[in-house]
Structures are given as C-alpha cells and as structure tokens.
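Here are a few notes to go with the model. Have the view open while you read.

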Amino acid sequence: MSDEGRFGQYGGSFIPEILFNSQQDLLSAYREAMADPEFKAEMLAQMQQYSGRPTPLTPCPNLSQQLGGAQIYLKREDLNHSGAHKMNNVIGQGLLAKRMGKKRVIAETGAGQHGVASALVSARLGLECTVYMGAHDIERQYPNVFWMKQLGATVVPVTTGAATLKDALDEAMRDWSSSFNDTHYLIGTSCGCAPYPEMVAGFQSIIGEEVLSQAPEVLGRQPDKIYACVGGGSNACGIFLPYKGTTTELVGVEAGGIGDGVGEHAMRFNTDQARFGIAQGYATEFLQDEQGQLLPTQSISAGLDYVGVSPILADMVKRNELRMTAARDEAVLDAFKRLATTEGIIAALESSHAVAAAIAEAPKLSRDEKLVVNLSGRGDKDLFNIASALKDAPFNDFLADYLAREKQA
Amino acid sequence: MSTLQTYIKTQRESRPILLMTHVIYGYPTIKDSLEIMETLLREGTDILEVQFPFSDPVADGPTITNACHVALENAPTLRQCLADINALATRYPDSKVVLMSYLNPMLQFGFEALADTAAPAISGLIIPDLPIEQASFVEPLKAADIAPIWLTIPQMDSARLAQTLSAASGMLYCVSRSGVTGGATAFDAVTDNLDTLKQQTSVPLGVGFGISKPEHITALIGHADIAIVGSALLNAYNEAGLTQLVTRFKSLQTATR
Ligand SMILES: Cc1ncc(COP(=O)(O)O)c(C=O)c1O
C-alpha cells in the first residue's frame with residue numbers, strides 16, 4: 001500500500017473535509033498500534049479466548065468423493081464467536097477504539113452479521129454501539145436486529161435510497177461527520193477510505209496465516225486453490241493476502257443473483273455494468289450507470305449485496321493475482337444443501353457462494369488437487385431465508401402457530 | 001482573477017453580504033426544478049448553486065439526501081442539466097451559477113468534457129468529496145474559467161489550510177460546523193474563525209450549513225462575503241411549494257440589502 005492508501009489505481013481517501021482530521025488520527029493510531037507488540041498480543045488473546053481461534057481446517061471427504069475430483073477442505077470461520085469471520089475485524093477495531101479513547105462505535109450492516117459482531121464486542125469492551133441498517137434489510141433480517149438490541153446496541157433504520165447496505169454506510173459516515181470526537185466508525189469490510197481497507201484486511205489476515213500453518217498437517221502441503229466469497233471483500237482478503245505471491249491460485253466468488261441484468265446481481269467484475277469509480281470514500285470498481293449513479297444490487301445473501309468491492313481485491317484482479325467468478329442464487333442453495341447433507345455443516349448463504357464455485361470446479365480437477373474454501377460464516381442466521389427459498393411449508397405453520405400463541409398470551 | 005471572484009468583489013462594493021441559494025436539479029421533477037431556479041434568479045439571488053444529484057450524497061443531511069433520491073427517479077443527465085442551465089443563465093446575466101455534485105458523476109462525465117460543456121454558464125464547481133490533495137482532477141476547469149470551490153472546516157490543520165488557500169479561487173466554502181447539511185448552527189461561534197481566515201486570504205468567504213433565518217445572515221455580516229442557503233429553502237418548498245420558497249427567500253434576502 002502507498003502512503004495515501006492506494007492499491008494501484010484503487011483505494012485512496014475521498015471523504016468530506018470535516019472527516020479529514022479523524023481519518024488522520026485513525027491512520028496514525030492504527031500505525032502505532034500495529035507497531036506495539038502489546039496491542040497485537042492483546043488482540044490475539046481476545047481472538048483466542050473470546051472468539052475461539054484458531055479455527056480448524058476441516059476435510060470434506062464425502063463431498064469430495066461425490067464430486068469425483070479435487071479434494072475439498074473448509075476453513076471454518078463459521079466457528080468464530082458470532083458465527084462469522086466478522087469477529088476478527090471487530091476485535092481489532094474495538095481494541096483500537098478503546099486505545100484511541102473513544103466511548104462509542106458506529107457500524108453499518110447489511111445482513112446484520114457485522115452489526116451483531118460490533119454489538120458483541122462493544123458489550124465486552126464497554127463501548128456504546130449504534131448500528132445503521134437499511135430498513136429493507138431490517139425487514140429481511142429481524143432476528144439479527146433482535147440480538148443487537150439484546151446486546152444493548154441501538155439499531156437505526158436507514159430509509160434513504162434503496163434502504164440497503166450502501167445507504168447504511170452513507171448514513172454511518174454522516175453520523176461520523178458530527179460525532180468523531182468520541183466515536184469510532186467501525187467499518188465491517190475492507191472498503192471505505194484509507195486506512196480501512198488495509199486495516200480490516202490486516203485484522204482478517206489471521207485466517208490465511210492460520211491456513212498457511214495448518215495446511216502442511218491437514219492437506220500434506222499448501223492448497224492448489226483457495227475460494228472465498230466476495231461481498232466487500234474482507235473474508236477474501238483475510239484468507240488470500242497471506243498467499244499472495246505463492247503458487248496457490250486465488251478465486252473470488254461474487255453474488256450472481258438471479259441473472260445478468262441491471263439490479264439482478266452484485267457482480268463487480270466480469271460485467272460491463274461495473275467500472276472504475278469513486279464513491280463512499282474510496283476508488284474501486286463500482287456497479288454504476290452511465291451517469292455515475294451507483295446501481296441497485298441483488299443477492300440471496302444480504303452480506304454480498306453491495307455495489308463496491310475492496311480496492312485491494314480490485315487491484316489484485318487488475319494484476320492477474322486473483323480470478324473472479326460468480327455463483328447464482330440457485331447454485332448457492334444447491335451448494336448449501338449439499339454441504340449440509342454430505343458433511344453436516346450448515347453454511348451461511350454468503351459462504352455457500354464459495355462452496356458453490358468449488359463444487360462447480362472440483363469435478364474438472366484431478367483427485368490429487370486440493371482446494372480450500374473459506375467458510376466465512378454459519379447458516380443459522382439464514383434460517384428464515386433458507387426456509388423460504390426451500391418452500392418449507394411446516395416452517396410457515398410453525399410461525400403461524402407461534403404468532404397465534406403470542407397474541408393470546 | 002476568476003469571473004466568479006470578480007463578480008463577488010464587485011457586488012460586495014455595494015452590499016454587506018451576498019446570498020447563494022441551492023437547488024437540486026430534477027427535484028421534484030426536472031421541469032419544476034428549472035422553475036425554482038428561474039424564480040430564484042428572477043427574485044435576484046446573487047449566486048445560484050445547482051446540485052446535480054448523486055445516489056450517495058454523504059455530506060448531505062436528510063432533506064437534501066431524500067430530494068436527491070427523488071430527483072434520480074427522473075433520470076437526470078449531466079449533459080441535459082448543463083444545457084438547461086446554459087439556457088437559463090444567459091437570460092439572467094446579473095447572477096452567477098455554480099454547480100455542486102459529488103466526485104463520481106463528474107468523473108464519469110470527465111473533467112475535460114465538463115470544462116467544454118459547463119462554461120460559460122457555470123463559473124464555479126463544488127465537490128464535497130474531493131480532497132485538496134486531489135486537486136489535479138479539477139485542473140482542466142481552470143482554462144474554462146470555472147473556479148474549483150474548496151471547502152474549509154473550523155478545526156483545519158494549518159498546513160492543510162495553507163494548501164487550500166493557495167489553491168483557492170472564486171470563493172471558499174466555509175463549512176460552519178461538523179456534521180452534514182441542514183440542522184442548527186451557532187453562528188456567533190463561527191465568526192472568530194472567519195475573521196482569522198479573512199486575514200489569510202483575499203478569496204471571498206461563503207458560509208454554509210444551517211443558515212435558515214435572516215438573523216443567521218445578519219450575524220455573518222462583516223465576517224463573510226456570501227451566505228449559503230440550502231436545506232432551509234428546500235424545506236420551505238416541501239412545506240408549501242414555490243410561494244413559500246419565495247417568501248422564505250425574500251425574508252433572507254432583506255438581511256443582505
Ligand atoms: C458470513 C459472511 N460471509 C461473507 C460476508 C461478506 O463480507 P466480506 O466480503 O467482507 O467478507 C458476510 C457479510 O455480512 C458474511 O456475514
């Protein structure tokens with residue numbers, strides 16, 4: 001990374017002037033913290049003692065056998081406290097916020113995973129927590145809203161624009177514009193102005209570092225390919241960056257949604273609907289129209305439903321260090337079911353995108369090849385969405401009964 | 001000196017402060033927004049600030065953000081916006097028009113193309129998410145006499161302020177406080193800051209964010225050159241249409257005479 005937080009032509013810092021001082025304070029606090037062995041030790045201790053790291057690398061013998069090609073292994077980020085890799089980042093930034101003397105954090109969330117992770121860590125570190133969430137996402141993901149409230153966080157519905165993740169991010173930036181004195185903006189993915197992309201990717205890199213050291217024992221060697229789903233890009237950066245410059249092929253998987261039309265997917269690569277742009281504080285490949293207006297996105301997984309992408313990944317794609325592919329909703333549901341029934345693992349719909357790409361490619365590869373899939377989160381949070389997608393009628397009966405009982409009580 | 005700066009200096013010879021009023025192109029419809037612009041020009045606004053809407057206006061508060069999203073449903077194009085402003089501006093040569101937008105719509109249109117298309121109707125450009133160290137983006141505008149209008153904030157680091165002042169032409173947009181557009185501001189608290197700034201630059205000072213009453217403008221007389229009004233006029237329009245907007249405008253205008 002360059003001094004201005006550039007990754008090739010991407011990244012940088014394009015924020016309203018009012019945020020300049022806080023951005024600079026954050027940059028220097030982050031640099032100081034990373035040069036402080038005590039801070040890093042504290043972070044590692046929290047990751048181990050609170051979040052349960054290291055997470056295992058799990059072979060999938062049944063799935064691999066069924067596919068008849070490459071051997072598949074999963075990096076189990078779903079076993080983190082909170083059920084997703086998001087925990088790695090909030091531990092890092094939460095401790096940094098404390099170190100900077102901040103009393104409050106604000107966060108944007110799509111699916112609510114980052115919101116829950118922020119609320120958890122805030123409760124533990126004694127920070128006030130406000131989470132901005134699109135009103136549309138609140139409707140889709142109420143269970144996470146419920147948990148955030150139980151943890152003492154304030155959830156603010158964002159009704160502007162499409163009322164989804166990008167609008168929640170805008171609103172969090174607006175809050176930060178007036179609250180920076182006592183508030184840290186805890187971004188949930190490796191996007192936004194410098195130093196966020198680098199910082200979030202750095203906190204997440206523990207994923208790839210663990211794989212590097214676990215692979216010789218579990219795989220017998222380093223993997224041939226690594227797959228990760230790409231929303232904003234934090235779990236992908238986390239597992240990919242420690243493998244940069246090695247012979248392992250890195251494969252990012254985007255949300256293919258329901259089709260290739262405008263607003264039907266969230267692919268920022270391999271589509272002419274996305275191109276270089278500057279918005280939300282940074283430069284990257286944005287899905288945008290001719291006028292430079294950011295486009296709506298769609299995905300079965302709220303966590304991948306985002307118009308921009310990490311500048312780190314955009315630059316890696318430009319340099320041919322990363323191959324991007326996509327999985328459509330239908331293939332994602334198939335992958336979800338297949339992993340559940342063959343290996344007894346309930347994956348998040350986001351992570352199921354990475355599983356879907358591995359399932360699609362493994363049969364074409366030889367049995368000697370070894371693939372690692374970053375299982376970024378567990379699927380419990382997707383209960384309602386999966387039940388709906390699988391058209392599980394008894395689930396609806398259950399809800400109807402529940403409502404009837406609650407109304408009587 | 002840029003045309004915008006010359007204009008402001010000349011007007012200020014006979015006026016204690018000038019008024020800059022903000023309109024969103026395309027809100028509530030393109031036709032209505034042009035009518036609002038024409039009305040303000042006819043009523044004698046000194047500078048008309050036209051915002052070309054962007055989907056993600058992070059420096060704007062709820063009033064302007066919502067209006068931008070409504071405006072976008074009318075699918076405005078920058079090319080048409082500039083053509084419409086051109087047609088309007090030639091009929092009101094006694095006022096100046098500046099354009100405001102966010103970086104991405106300008107970037108996608110291209111700053112060279114903007115320089116070719118926006119002049120001479122547009123004499124200044126405000127981009128709140130373009131930081132001063134990225135000034136090279138707006139370089140092509142200079143040849144077309146379109147002044148890049150840089151923003152200053154109350155607690156600006158002195159080296160950065162110096163960098164901003166040396167790049168400034170036309171006018172400076174002095175953000176009165178932290179936060180986004182709309183909402184309240186304590187204007188007595190900002191005058192010290194403005195006085196310090198005035199000692200360091202001959203570029204006219206515009207003050208925006210939170211101006212909604214004639215008293216706010218009166219408080220700025222002697223400290224700033226231009227009072228910038230945005231959300232307050234928009235709120236008036238949303239409450240009771242064009243007549244209410246004109247009433248609000250006139251009450252603000254008296255404070256500048
Ligand atoms: C389980 C899971 N995986 C992936 C993502 C996508 O984010 P990122 O691309 O930053 O890893 C999310 C976001 O909410 C998530 O919850």
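1. How many residues of chain A are in contact with how many residues of chain B? Counting contact as heavy atoms within 4.5 Å, 30 residues of chain A touch 37 residues of chain B.

2. Before going on, some ground rules. This is a predicted model, where local features need pLDDT of at least 70, side-chain atom pairs count only at pLDDT 80 or more, and totals for chains, interfaces and linings use all residues. Residues are numbered from 1 along each chain as its sequence is written, chains are lettered from A in the order in which they are written, and side-chain values use heavy atoms, with hydrogens and water left out.

3. Chains A and B bury about 2700 Å² between them, 55% of it on carbon and sulfur atoms. Buried area here is the accessible area (1.4 Å probe) that two parts lose on being put together, summed over both. Glu17(A), Arg174(A) and Gln291(A) supply 25% of what chain A buries against chain B, more than any other three residues.

4. Now the charged pairs: there are 2 salt bridges between chain A and chain B, a salt bridge being a side-chain nitrogen of Lys or Arg within 4 Å of a carboxyl oxygen of Asp or Glu. One of them joins Lys166(A) to Asp56(B), with the closest N and O atoms 3.2 Å apart.

5. Which elements of chain A each supply at least two residues of the side that touches chain B? They are α1 (20-34), α8 (165-179) and β11 (274-279), and α8(A) gives the most, with 6 residues. Helices (H or I, at least four residues) and strands (E, at least two) are DSSP runs, numbered from the N terminus.
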